[in-house]
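These are my notebook entries on the structure shown below. I looked up its helices, cores, surface and charged pairs in turn.

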Amino acid sequence: MRTLKTLVAAAVAATLLAGCGGGSTPPASSGEASGAPAAASGDTLVIYTNSNGEGRGDWLAAKAAEAGYKIEIVGAGGADATNKLIAEKNNPIADVAFGLNNMYFSQVKNEGALEAYQPAWAGEVDKGLGDGETYWPLVKQAILLGYNSDKISKDAAPKDWTDLWTKDEFKSRYERVTGLGTATAQLVFAGILSRYRDDSGDLGISDDGWKQVEEYFKNGNPAVAKTDLFARIASGDVDMGQMPSSIIADREKSFKVNVDTVTPSVGVPLAVEQLALVKGSKKKEQAQKFIDWFGSAEVQGEFAQKFNSMPVNKSAQAKANPEVVDFFADLKQQDIDWDFVQKNMGAWVEKIELEYMT
Amino acid sequence: MSGSSTVRSMARSPFVLVVGVILTWFIAAFLVWPNVNILMATFFPDGSFSGRAAEKLFSSQRAMKALGNSFLLAVALSVTVNLVGVFIVLVTHYFRIRGSRILFLGYASTFIYGGIVLAAGYKFIYGDKGIVTSLLVRVFPGMDPGWFSGFFAVLVVMTFATTTNHMLFVANALKGIDYQTIEAARNLGASTWTILRRIVLPMLKPTLFAVTILSFLTGLGALSAPQVLGGREFQTITPMILTFTNSPTSRDLAALLAVILGLATMLMLAVMSRLEKGGTYFSVSKVSSELQKQEISNPVANVAVHAVAYLLFAIYTLPVVLIVLYSFADGAAIQTGQLSLANLTLDNYIRVLTQQSGLRPFIVSVVYSALAAVIAVGGLLFVARLLQKYRNWVASTFEYLLHIPWILPSALLALGLIVSYDHPNPLVGGAVLTGTTVILLIAFVTVKIPFTLRMLKASFAAVNSSLEEAAAIMGAKTLYVFRRILLPLVLPAAAAITALNFNSLLDDYDTAIFLAHPLVQPLGLVIKANTDGAEGTEGIANTFVYTVLLMVITGVTMYLVYGRSGRRKGTKRLPDAAPGQPVPGPDLPPAQAPAEDDAARPAAAVR
């Protein structure tokens with residue numbers, strides 16, 4: 001009985017597998033028919049973003065549905081989303097992209113994958129934060145140096161990034177990055193290297209500038225994979241490190257630590273999350289309407305309220321968390337030549353990864 | 001037996017021709033063309049070659065050191081994984097050990113999880129705040145709490161994490177050994193050790209070679225264990241490859257590094273193929289009998305083997321237990337290592353499972369992974385058989401081409417598919433593949449080809465070719481022989497390969513991120529969205545929850561597939577005995593089957 005069963009099972013499996021063997025080719029052709037191209041997926045707008053985590057994606061999809069937009073959010077890291085937009089430029093799948101900062105969007109734009117569009121709310125934002133043509137600013141984020149304020153008083157705290165490796169008391173007490181793949185890390189270096197611009201130097205940076213990078217890596221305490229900086233501050237491993245402004249309040253609570261931030265005299269770099277229309281969108285008109293809606297003061301205000309972010313839209317700031325608005329009102333923004341940074345960031349990352357990271 | 005005559009004999013078989021045509025098209029369309037495209041774009045950005053990438057890499061101390069570390073790890077792992085892997089296989093399948101079923105379950109824990117969470121699991125135990133470390137420090141106050149880091153820690157963790165292939169395939173090959181050879185040796189006075197060394201291990205060679213290549217490859221591509229446990233001194237090259245792949249201006253560096261690793265793998269493959277060549281890895285006796293478990297006669301050795309077996313059991317199971325426990329704790333507790341039973345709640349699971357996307361991504365991933373796993377194994381069953389049967393330059397060329405997916409990182413494979421099929425392309429009948437649901441399936445099938453081929457080929461090598469000849473002489477057609485005789489024999493291995501393929505594709509991110517249809521997004525993308533940012537408190541807790549959920553899915557898969565094929569073991573000999581009995585096949589002189597070069601040396605038996 002058992003033998004018979006086994007034989008039958010084997011024969012069935014064999015036939016099935018044999019079918020698949022011949023069929024290892026057809027999926028390309030038979031699937032095409034069933035696999036509808038994205039462009040034909042009804043009236044659903046496809047939206048690429050790196051800002052869908054912590055419930056943001058779900059919130060936006062629900063809000064958009066209320067407003068009559070059917071959207072499908074495709075989340076990806078900043079670099080992945082950028083590469084995807086560029087790779088797909090000949091036959092785009094996305095209609096709208098948002099959340100990427102100006103460095104990422106300028107790469108996408110340079111590859112000709114963005115379509116110029118002036119949103120209805122263009123007058124309510126500071127045009128200088130975007131490119132004033134294809135990508136438009138939504139949310140501001142400050143890239144800060146934060147320290148454990150329970151352990152270090154304001155007077156004893158570092159005054160600038162450069163103090164970390166020039167003053168002995170901070171050496172190996174600050175967390176340094178182990179890779180430059182993230183936007184935050186790249187912005188920290190944009191902030192440091194911009195100060196040492198020298199057109200005759202290597203990649204537009206003076207020797208002194210590269211010396212700073214070298215010292216940063218030599219004296220820092222390397223980050224640990226999957227262990228948050230705040231967890232390391234809580235356990236006393238390190239006392240300070242880089243952090244984007246939006247996460248601080250939340251992490252202080254979860255890890256039961258208090259963190260204060262440093263404002264160097266040159267100011268702090270800002271990351272500005274943007275919104276853009278993808279070139280070649282087959283639902284251009286609808287996508288434009290969605291952009292008008294999403295960037296409006298009302299939606300941005302609600303988003304800010306819900307996720308503690310700092311909206312760029314001036315009329316939306318009334319709804320944002322007052323503490324956040326005050327923080328940004330007092331914050332001195334570092335003057336960074338973004339054109340210069342964007343042109344060189346790829347080469348800088350490469351040089352740092354190859355020569356200075358140990 | 002010369003190369004050209006076997007090529008000619010290949011060309012005479014219609015079955016070979018059909019498989020060959022399909023295979024040629026598949027290789028050209030999905031393995032060669034996309035990757036040539038992306039490599040051309042990478043290395044010849046303006047139509048001219050620049051040696052920039054090589055120059056930059058070879059002058060970078062960090063890159064060279066990381067590359068060296070990757071190679072060191074690959075070589076070391078090829079040795080250590082074999083030692084531990086063979087030991088646990090023998091303990092569970094060859095020697096009579098008390099509680100071997102329990103031991104098997106413990107060792108099998110690597111079937112269901114891996115990656116960064118596994119590394120984190122080991123860190124909870126042996127890291128500077130780990131449980132074992134705290135105990136040790138209490139006993140030896142002078143001890144360095146950071147003892148478990150660097151090369152040693154990475155090697156230990158990766159060794160224990162990658163014995164899966166041994167447990168599945170080496171164990172399977174062991175079961176196929178003819179017990180009569182062992183009995184005969186014992187009657188002649190051979191010791192347990194001699195039997196093991198001279199009879200058992202040589203029979204396992206094809207499988208051991210195949211899993212050695214896999215261990216080597218795992219070492220070269222090591223990512224999470226060095227990141228978590230490598231510390232300052234022991235970082236590998238993969239993180240750098242990933243960073244450079246993501247940066248369009250540095251992609252040539254990533255591609256060059258990947259090609260270096262790929263060539264090393266191919267070299268390893270060539271060496272192993274050479275070593276494997278010429279042996280006979282099946283029993284030639286007319287009636288083989290099933291393996292019986294061996295007593296270890298020396299009492300000291302017996303106690304020692306038991307002790308080591310149970311120590312390994314503890315090493316294997318502790319991380320799993322802790323990961324499951326921690327998945328109920330909040331993210332802060334996970335990262336600071338403070339676990340208290342009072343703080344365990346279901347919150348993490350509720351948060352993950354009540355998202356808007358709900359179960360849909362799980363279903364999408366299960367369907368994609370299952371399809372890809374079955375197509376890869378189903379299609380390659382024929383190919384592996386032919387490659388194993390015909391050994392000439394045509395077969396070797398195909399074999400090496402099928403390993404292309406091992407050379408390039410999956411992100412580059414995906415980008416290659418996009419740039420090749422974002423416009424109507426005659427290779428696929430003028431269709432546009434980007435934006436369809438098919439392109440991800442193609443990518444999934446492609447990335448699983450090398451592994452599937454290696455393991456299938458190894459299992460075909462253990463099939464006694466006289467059975468096939470016997471049937472052929474009786475007048476059975478090629479497909480019939482394949483279906484009724486060969487397939488039942490390799491089915492347990494094929495099922496295990498399918499299950500492993502399925503498991504490894506479930507949480508894929510690197511390919512899916514570029515190729516997934518926006519309306520049919522697999523699990524990997526959702527996991528990424530919920531665990532990135534990378535380290536926030538919820539993110540890390542979600543990572544653990546997803547790991548446990550995946551453990552459940554993969555555990556069920558392994559049970560369904562492997563549990564069933566395990567049960568089939570008892571009856572496994574029947575199909576090969578059944579067609580054999582009425583035929584005097586095995587007795588026929590090999591001269592009657594000139595195409596079979598394996599059958600030409602029946603006396604080589606077991607050396």
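**Basis of the entries.** I worked on a predicted model, in which local features need pLDDT of at least 70, side-chain atom pairs count only at pLDDT 80 or more, and totals for chains, interfaces and linings use all residues. Residues are numbered from 1 along each chain as its sequence is written, chains are lettered from A and ligands numbered from 1 in the order in which they are written, and side-chain values use heavy atoms, with hydrogens and water left out.

**Chain B overall.** I noted 29 helices and zero strands in chain B. Of its 607 residues, 58% count as buried; buried means under 20% relative accessible area, exposed over 50%, and partly exposed in between (1.4 Å probe, protein chains only).

**Helices H24 and H22 of chain B.** I checked H24(B), residues 465–473, and found seven of its nine residues buried, so the helix is largely enclosed by the rest of the structure. Among the buried residues are B:Glu468 and B:Glu469. I then turned to H22(B), residues 410–421, whose 12 residues reach 17 Å from first C-alpha to last, close to the 16 Å expected (1.5 Å times one less than the number of residues). H22(B) is mostly covered, with 11 of its 12 residues buried, including B:Ser410 and B:Tyr421.

**Cores.** I took a nonpolar core as a set of buried Ala, Val, Leu, Ile, Met, Phe, Trp, Tyr and Cys residues joined through side-chain atoms within 4.5 Å. The largest has 228 residues, of which B:Tyr94 and B:Leu402 touch the most other members. Helix H25 (residues 478–506) of chain B gives the most to this core, with 16 residues. A second, separate core of 53 residues includes A:Leu45 and A:Val324.

**B:Asn165.** I located this residue in helix H9 (residues 164–175) of chain B. B:Asn165 is buried, at a relative accessible area of 15%. Leaving out residues up to four places away in sequence, B:Asn165 touches B:Val170, B:Val211, B:Leu214, B:Phe451 and B:Leu500; contact means heavy atoms within 4.5 Å.

**Salt bridges.** I counted as a salt bridge a side-chain nitrogen of Lys or Arg within 4 Å of a carboxyl oxygen of Asp or Glu.

- I recorded A:Asp160 with A:Arg195 at 2.8 Å, N to O. The two lie in loops 35 residues apart; A:Asp160 is buried at 11% relative accessible area, whereas A:Arg195 is partly exposed at 26%.
- I recorded A:Arg251 with A:Asp228 at 2.7 Å, N to O. A:Arg251 lies in helix H10 (residues 248–255) of chain A and A:Asp228 in a loop, so the pair ties together parts 23 residues apart in sequence. Both residues are buried.
- I recorded A:Glu355 with A:Lys351, their closest N and O atoms 3.1 Å apart. They are four residues apart in helix H14 (residues 338–356) of chain A and therefore separated by about one helical turn. A:Glu355 is partly exposed at 47%, whereas A:Lys351 counts as buried at 10% relative accessibility.
- I also noted a network of salt bridges linking A:Lys63, A:Glu66 and A:Glu302.
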